[in-house]
Amino acid sequence: MAVVRARVFANSYRDSVELMQIAATIEALDGIDRAGLVMATPANRDVLAAAALLTDAVAAARPNDLVVAVRAVDDATAEAALNQAAARLAGPGTEGADDAVHTDARTIAEAVHELGTANFALISTPGSYATAEAMKALKHGLNVFLFSDNVPLEDEIELKAMARRKGLLLMGPDCGTAIVDGVPLGFANAVRRGTIGLVAASGTGLQQVSCLIHRAGAGISQAIGVGGRDLDERVGGAMMLDGLERLAADPGTDVIVLISKPPAVCVAERVLAAAAAAGKPVVVNFLGGDPVAARSVGAISAATFEAAAAIASALALGRPMPAEDDRLDPSVAGAVAAALGTLRSGQVRIRGLYSGGSLAGEAKLILKAMLGADRAATHEILDLGDDQYTVGRPHPMIDPRLRNEYLLAAALEPSTAVILLDVVLGYGAHPDPAGQLSPAIQAARAAAAGEGRQVAVVASVCGTDADPQGLAAQEATLAAAGVLLAPSNARAARIAAEIAARVVGNTRHTADAAGVIGTPLGARA
Amino acid sequence: MVAMQSVCGTRTYVATRIGDSLFLRIARDRLAPVRVHSVFRSLINLTTAGELIAIAPDEAGGLPNGILVAGAADFRRQRVRAGMPVQMDNAAVRILDAGLVIRLDAARPWSARIPVADGRHWPARSTAVHALAHCEARRSDAGAAMVSGWATAGLMAISGTRQRLAEVSRAVVRADRRAAAAAARPLIGLGPGLTPSGDDALAGVEAALHALGHPAAGFLAMALDDVADRTTTVSAMLLRHASLGEFTERTHRLLAALLGDNDAVLPGAIERAIAWGATSGMDGLIGVLAGLDAAAAPGRPRLD
């Protein structure tokens, strides 16, 4: 039979953060069904009474008294919980042992002082303050994950030079994701730990590769984000070089993957030289870059995120290298044919509405490779996470409303044949992106149907079964909304290109140097 | 500049700013006997004749009835304890039992009165700000706590509070101060925290109304007759100051950001607002947004 016990601490003044921490600790104890830790104001006494936590002592308490009340399985459990609360309240405050994790420090110096052994800082302030905070962190010997954007390039150069001098990592600025020693930072996915190390100047590129590695059965040792400008000529690839050196020296890393847009030529030379000296297999995934240069130094070139993940997984797991297979998945061929059958004359365009910038970039490259540059330019691939769309709004990976608006507009545009989407899961992303997207997709298709048209919707989900949102559940939600699903962004883009190409029935043959991104469609028609 | 010095075992702080009404009273030596009321890591509350005087580091920002001191401080490590006697005149605050002296001679007065701003941008950005606040709340400790037990959660985790706050808003829309005060009464002292969540939210509503020069501003004064019996001493002070249009500098900055015309500052302003305290920041922001929306609602009586 449950018991209710309470203790009153007269004229007890502790700050709210402490009170919340103590309450959370007590609530989490085994055998505690309900706990309340509040100031004994009349309104709070009413709430305690409604929760059946009011005792005589609490009823007689005054507003400046602190009350701890619990409902527990038995007396002993209740008393133990109250004693624990009393011990915390009798202590010196937030200077207890738990502070190693839960410090209320308000400056980096205070945090370093209080934590003692800290070696890592995550900085997410408005850009105008970020440089100063990052500099302070570096001066205190901390590696830095710099989530902030709008940091001037000159500041980035200075910060990275300082980090290199001190032997520290500076990830960012505008670093959206990383996985350090198994701890996901920013918009990271829940992936298996393993022996593949990533260094990426591309947020959703890193996410896509790490998710596909997880799905292939391999895992990630470290995933280091370096910020989108790291391979700019002026920054010189400072942190990609640093990350590469660290992974080369890391006994837990067997295979290294480098992910970026094509670097400046001189930077590429430096990075490839370092890759050649790494002493481990290095997969170079410079989207749209020259595969010959990578191969010339003994690295392995991968043209898409999917290819990079497949090659790295095969190397890590000791499996045969994957064939360069970019054919349309037979399982979707029927759906593609069905979609084609519903399109009317004039429906010729692909409209890509992306939340991930790197995924949008990959889609553009695939369209270009499959349709030719001129034809590809007639389609529209938007990165709705770009600054121009996010001023005063949350990123579309967090808040789906902006994309939902574009979705409706795209469906109502008479020339739209295919809407191409990415859905990014993981920590920090919306808790149910597919659940938000599906009604918008259905509404958009209904709106188009109202004007006598059908629109094909093609998507891929960047995520894993271990992500908080669950890959299977998200894909099921999208499938139920009639979305044509692909297992990767590259494959989704190929499906869209295939539909667009067949609609016009006049594909161009383009010879991609790697032959991996997209085989000319006419070759297998 | 190093503002803290240790001299012969006495720790000396230099005050930088003092709330203007307190500044005047100190200048005129009109303070009753003072004692230490409560001590936190970065805050000492002194009590004198039923009111509180706050002492905090300068980086905390201006406080109504507050004295700000230069440099970082951890008052609990300096042996300051509740109940200690305090000597206070226009030259210094001295807590001699703890060897603590705060020099007042270089301090400037600071006005806690929130400036009246132009609210014309608010209706167009209200939705976006709510979305930002929602997203930021999901990332914060307080937001996370909202999905756990009510004891650790903020205002909106307590059954019925949304409706009560909505009643306050409806009364504000009608500029009915008496009805707003009546609707506010059940929220006073309600919720977790040293300043209970309901109090933080009501102070937020008042901040919005005072910042817009709304005719319902000050409605709380009609709900505070027995406030000392209904909430904590610290919170009672918060509500009294709020009813007079006096707020922390943090609140000034939040309202300036929300009512200004620079969208780029909004995410940072909301992030900082929510990060304050355990649930106080979020609860205060809930109140501010409710107040701004109510003040901007169609049907609001115009002043002109």
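Q: Among contacts in chain B between residues at least 6 apart in sequence, what percentage joins residues at least 24 apart?
A: This is a predicted model, in which local features need pLDDT of at least 70 and side-chain atom pairs count only at pLDDT 80 or more, while totals for chains, interfaces and linings use all residues. Residues are numbered from 1 along each chain as its sequence is written, chains are lettered from A and ligands numbered from 1 in the order in which they are written, and side-chain values use heavy atoms, with hydrogens and water left out. A contact means heavy atoms within 4.5 Å. For chain B, the share that joins residues at least 24 apart is 67%.

Q: What is the corresponding percentage for chain A, for residues 24 or more positions apart?
A: Chain A holds 20 helices and 18 strands; helices (H or I, at least four residues) and strands (E, at least two) are DSSP runs, numbered from the N terminus. Among the contacts in chain A with a separation of 6 or more, residues 24 or more positions apart account for 73%.

Q: What percentage of the residues in chain B is buried?
A: Chain B is built with 11 helices and 10 strands. A residue is buried under 20% relative accessible area, exposed over 50% and partly exposed in between (1.4 Å probe, protein chains only). Of the 304 residues in chain B, the buried share is 58%.

Q: How much accessible surface does chain A have?
A: Of the 525 residues of chain A, 54% count as buried. Accessible areas come from the Shrake-Rupley method with a 1.4 Å probe. Carbon and sulfur atoms hold 54% of the accessible surface of chain A, which comes to about 20300 Å².

Q: Which elements give two or more residues to the lining of the largest cavity?
A: The structure holds three cavities of 30 Å³ or more, a cavity being a set of points on a 1 Å grid over the protein atoms alone where a 1.4 Å probe fits but cannot get out. The largest cavity contains about 90 Å³ of space, with volume taken as the space filled by probe spheres set on the points. Its lining (residues with an atom within 4 Å of a point) includes Ser355(A), Met397(A), Arg403(A), Val424(A) and His430(A). The elements that give two or more residues are, in chain A, β16 (416-424) and α18 (433-450).

Q: How many nonpolar residues are in the lining of the largest cavity?
A: Ala, Val, Leu, Ile, Met, Phe, Trp, Tyr, Cys and Pro count as nonpolar, Asp, Glu, Lys and Arg as charged, and the others, Gly among them, as polar. Pro396(A), Pro400(A), Val423(A), Pro433(A) and Leu437(A) are among the lining residues. By class, two residues are polar, one is charged, and the number of nonpolar residues is seven.

Q: How far apart in sequence are the parts that the pair of Phe147(A) and Phe187(A) ties together?
A: The structure holds three aromatic pairs over all chains, a pair being rings of Phe, Tyr or Trp (its six-membered ring) with centres within 6.5 Å, stacked with planes under 30 degrees apart, edge-to-face over 60 and tilted for the rest. The rings of Phe147(A) and Phe187(A) have their centres 5.9 Å apart and their planes at 40°, so this pair is tilted. Phe147(A) lies in the loop between β5 (143-146) and α7 (153-166) of chain A and Phe187(A) in the loop between β8 (183-186) and β9 (193-200) of chain A, so the separation of the parts, in residues along the sequence, is 40.

Q: Is Phe187(A) buried or exposed?
A: Ring pairs link Phe145(A), Phe147(A) and Phe187(A) into a cluster. Phe147(A) has a relative accessible area of 25% and is partly exposed. Phe187(A), at 13% relative accessibility, counts as buried.

Q: Which helix holds Tyr406(A)?
A: Tyr389(A) and Tyr406(A) form an edge-to-face aromatic pair, 5.8 Å centre to centre with 90° between the planes. Tyr389(A) counts as buried at 17% relative accessibility, whereas Tyr406(A) is partly exposed at 28%. The pair ties together parts 17 residues apart in sequence, because Tyr389(A) lies in α16 (residues 387-390) of chain A and Tyr406(A) in chain A helix α17.

Q: Where in chain A is Asp174(A) placed?
A: The peptide bond from Gly172(A) to Pro173(A) is cis, with omega near 5°, and Pro173(A) is in the loop between β6 (170-171) and β7 (177-180) of chain A. Asp174(A) has a positive phi of about 60° although it is not a glycine. Asp174(A) is placed in the chain A loop between β6 and β7.

Q: What distance separates the C-alpha atoms of Gly198(B) and Thr161(B)?
A: Gly198(B) belongs to helix α6 (residues 197-212) of chain B and is buried, with a relative accessible area of 0%. Thr161(B) and Gly198(B) are 37 residues apart along the chain, and the separation of their C-alpha atoms is 8.1 Å.

Conventions: On a 1 Å grid over the protein atoms alone, a cavity is a set of points where a 1.4 Å probe fits but cannot get out, and a pocket is an open set with protein on both sides within 12 Å along at least five of seven lines; lining residues have an atom within 4 Å of a point.
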